[in-house]
Amino acid sequence: MSFTPDAYFRAELDRLKDEGNYRHFADMERKRGAFPRALNRDGDNERDVTVWCSNDYLGMGQHPDVLAAMHEALDRTGAGAGGTRNISGTTHAHVELEAELADLHGKEAALLFTSGYVSNWATLGTLGAKIPGLVILSDSLNHASMIEGIRHSKADRIIWKHNDLADLERHLAALPAEAPKLIAFESVYSMDGDIAPIAEICDLADKYGAMTYLDEVHAVGLYGPRGGGVAEREGLMHRLTVIEGTLGKAYGVVGGYIAASAALVDFVRSFASGFIFTTALPPAVAAGALASVRHLKASASERAAQQAKVAEVRAGLDRMGIPHIENPSHIIPVMVGDPVKCRWISDVLLRDHGVYIQPINYPTVPKGTERLRITPSPVHSEADIAHLLSVLGALWEQCQLARVPMAAQ
């Protein structure tokens with residue numbers, strides 16, 4: 001019997017649905033100036049919702065300074081960049097933003113990419129492919145973009161146990177002293193919200209002559225006196241070879257970047273296909289990101305307010321006995337542990353209570369660790385928090401008593 005592509009695709013999708021791991025995309029329209037409010041469309045039905053799972057952690061995607069900068073740039077320069085960075089796509093907004101990001105991280109230079117995924121994939125892929133004999137030591141919970149970049153490079157790679165310094169040192173000690181080495185890890189891990197022991201990893205890098213590559217995408221804008229990330233907060237930026245970040249989370253726009261020495265940045269700029277052969281970010285996007293970075297360098301009020309709201313939600317979950325992973329970050333993973341129940345809670349929250357929290361299921365997290373990933377922001381009100389806790393508590397009790405409707409299973 002010959003292979004039938006669509007039949008195969010449908011069978012695989014049906015398998016995902018049967019396991020409770022099929023991904024549904026909610027049709028959302030954010031309301032300008034009213035974040036975290038959004039309009040959810042479901043066929044002919046529309047409902048107002050409060051978003052509780054956004055990576056626009058500080059609401060900067062709605063900030064007046066950011067919107068004004070984007071409007072002004074759009075009116076001044078038009079829509080697109082018009083080409084790759086090499087062919088007419090480098091505008092003054094790109095140049096200014098790269099200088100601002102280099103300054104943010106105390107580095108000589110920075111390089112913009114179209115997303116945080118691409119910045120990881122292109123940079124790690126280029127370093128791994130172009131540095132002869134490089135061995136990349138990758139934390140076992142690194143983001144897919146880092147994993148794919150390392151895999152694409154075809155460099156020798158070693159996976160070390162998550163945040164396990166003893167395991168990392170064991171692997172480093174076993175490598176030849178003269179071998180070039182790169183330790184790749186994140187600061188804040190997005191699903192569990194834990195934070196890497198950056199200082200101790202830098203100590204091991206110094207001891208064994210390794211470079212360091214730190215992904216700060218879930219930390220830039222959120223930690224440190226100017227929003228430079230966990231490494232800035234801990235006074236460690238100067239000890240890191242490469243710092244990678246995003247403009248699509250706390251900065252509220254889109255894009256990714258690296259900050260490093262001028263030589264390393266120029267090397268990646270000159271050899272990374274993921275940079276060379278793609279159209280540059282629109283100037284208006286770069287201008288909006290520039291305004292956001294500058295604002296959060298000077299203002300700590302958004303960070304302080306967010307931390308207070310995170311603490312308030314955690315305390316409420318504790319009072320109700322709803323399990324969530326304790327961590328020192330802004331990410332609150334409520335542990336459901338079952339894909340069907342996770343999907344059901346999310347659906348009912350949205351449909352009946354106007355609360356949007358996307359379920360996180362396999363393969364994003366291991367089976368049995370399905371969760372609701374809650375991200376409080378400075379612009380969630382006291383009433384928003386009270387409503388979230390009330391309706392989530394009621395649904396949690398139903399799940400505990402196994403009163404999940406059979407239709408959802």
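Guide: Here are some labels, each set against its definition.
Guide: This is a predicted model, where local features need pLDDT of at least 70, side-chain atom pairs count only at pLDDT 80 or more, and totals for chains, interfaces and linings use all residues. Residues are numbered from 1 along each chain as its sequence is written, and side-chain values use heavy atoms, with hydrogens and water left out.

Visitor: Why is the contact between R37 and D384 called a salt bridge?
Guide: The term asks for a side-chain nitrogen of Lys or Arg within 4 Å of a carboxyl oxygen of Asp or Glu. For R37 and D384 the N to O value is 2.9 Å, so the pair meets the definition. R37 lies in strand 2 and D384 in helix 15, so parts 347 residues apart in sequence are tied together. (Helices, H or I with at least four residues, and strands, E with at least two, are DSSP runs numbered from the N terminus.)

Visitor: What makes D384 buried or exposed?
Guide: Buried means under 20% relative accessible area, exposed over 50%, and partly exposed in between (1.4 Å probe, protein chains only). D384 has 9%, so it counts as buried. R37, at 29%, is partly exposed.

Visitor: How do you know that strand 5 is largely enclosed?
Guide: 5 of the 5 residues of strand 5 (residues 135–139) are buried, so the rest of the structure largely encloses it. V135, L137 and D139 cover one side, with I136 and S138 on the other.

Visitor: What makes strand 5 and strand 6 a pair?
Guide: Pairing needs at least two bridges found by DSSP. Strand 5 and strand 6 share 5 and run parallel, so they pair.
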